[in-house]
Amino acid sequence: MLQLNHRTLHDFKPIPYPNDYVIQQLGNRLIYDERQYNIQDMKAEFDNLFKSLTDEQRKIYDQIMDAVNKQQGGVFFLHGYGGTGKTYMWRTLASALRSKHEICLTVATSGIASLLLPGGRTAHSKFKLPVPCLENSTCKINFNDPSAGLLREAKLIIWDEAPMADKYCFETLDRTLKDVMSNYSNSETIFRGKS
């Protein structure tokens with residue numbers, strides 16, 4: 001019940017917590033959950049999606065995956081009218097990484113849009129963004145939190161409906177990534193080297 005509600009025994013102070021048991025057995029639970037995709041299903045989905053990409057979509061896919069594979073980071077803005085294949089592209093990118101047992105975080109600005117993404121959540125939920133985000137806000141993620149570990153391991157962040165979010169949401173995530181990625185060489189680049 002705790003897991004279904006994204007809570008832990010730490011949230012209920014009078015209850016004793018079994019120190020290191022869960023971490024020894026599973027490691028970071030958020031990373032564990034993100035890697036629970038069936039590799040064979042993800043490979044089959046990727047193969048099916050990739051062979052149907054148009055030439056323009058394939059160029060976009062190659063450009064994004066090149067940045068991800070080289071860990072250069074980068075911000076890519078994919079836009080188009082409804083029905084032009086944006087969600088198709090997100091599904092292709094996510095299945096490509098997940099078929100390699102890598103982490104791709106899929107978020108959306110609205111709850112309805114997050115339901116269309118494989119493994120999607122709202123950005124506020126996934127990144128623990130405060131409501132409202134202000135000019136100097138940070139996500140409610142500390143350096144040693146499981147969420148910080150998940151952000152460090154993520155290869156790609158897909159944020160659907162990004163123009164609907166306030167600019168402070170992105171600046172808040174950027175500040176938080178600067179903190180949790182501070183031990184890495186690319187910690188001064190935008191989104192700290194995350195694509």
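**Aromatic contacts and sheet of the predicted model**

F46, F50 and Y61 form one aromatic cluster, where rings of Phe, Tyr and Trp (its six-membered ring) pair if their centres lie within 6.5 Å. The model is predicted, with local features requiring pLDDT of at least 70 and side-chain atom pairs pLDDT 80 or more, while totals for chains, interfaces and linings use all residues. Residues are numbered from 1 along each chain as its sequence is written, and side-chain values use heavy atoms, without hydrogens and water.

The charged end of R58 lies over the ring of F50, 4.4 Å from its centre (criterion: NZ of Lys or CZ of Arg within 6 Å of the ring centre and within 35 degrees of the ring normal). The charged end of R152 is likewise placed over the ring of F143, at 4.5 Å from its centre.

In total, the structure holds 5 aromatic pairs. One of them, W159 with F170, is tilted, at 4.4 Å centre to centre and 45 degrees between the planes (stacked under 30 degrees, edge-to-face over 60, tilted for the rest). This pair connects W159 in strand β3 with F170 in helix α9 (residues 167-180), 11 residues apart; helices (H or I, at least four residues) and strands (E, at least two) are DSSP runs numbered from the N terminus. W159 is buried at 13% relative accessibility, whereas F170 is partly exposed at 21% (buried, under 20%; exposed, over 50%; partly exposed, in between; 1.4 Å probe, protein chains only).

Three strands form an open sheet in the order β2-β1-β3, with parallel pairing (at least two DSSP bridges between paired strands). Its edge strands, β2 (121-122) and β3 (154-160), each pair on one side only. Strand β1 (residues 103-108) pairs with β2 over 2 bridges, and A108 stands opposite T122 in β2.
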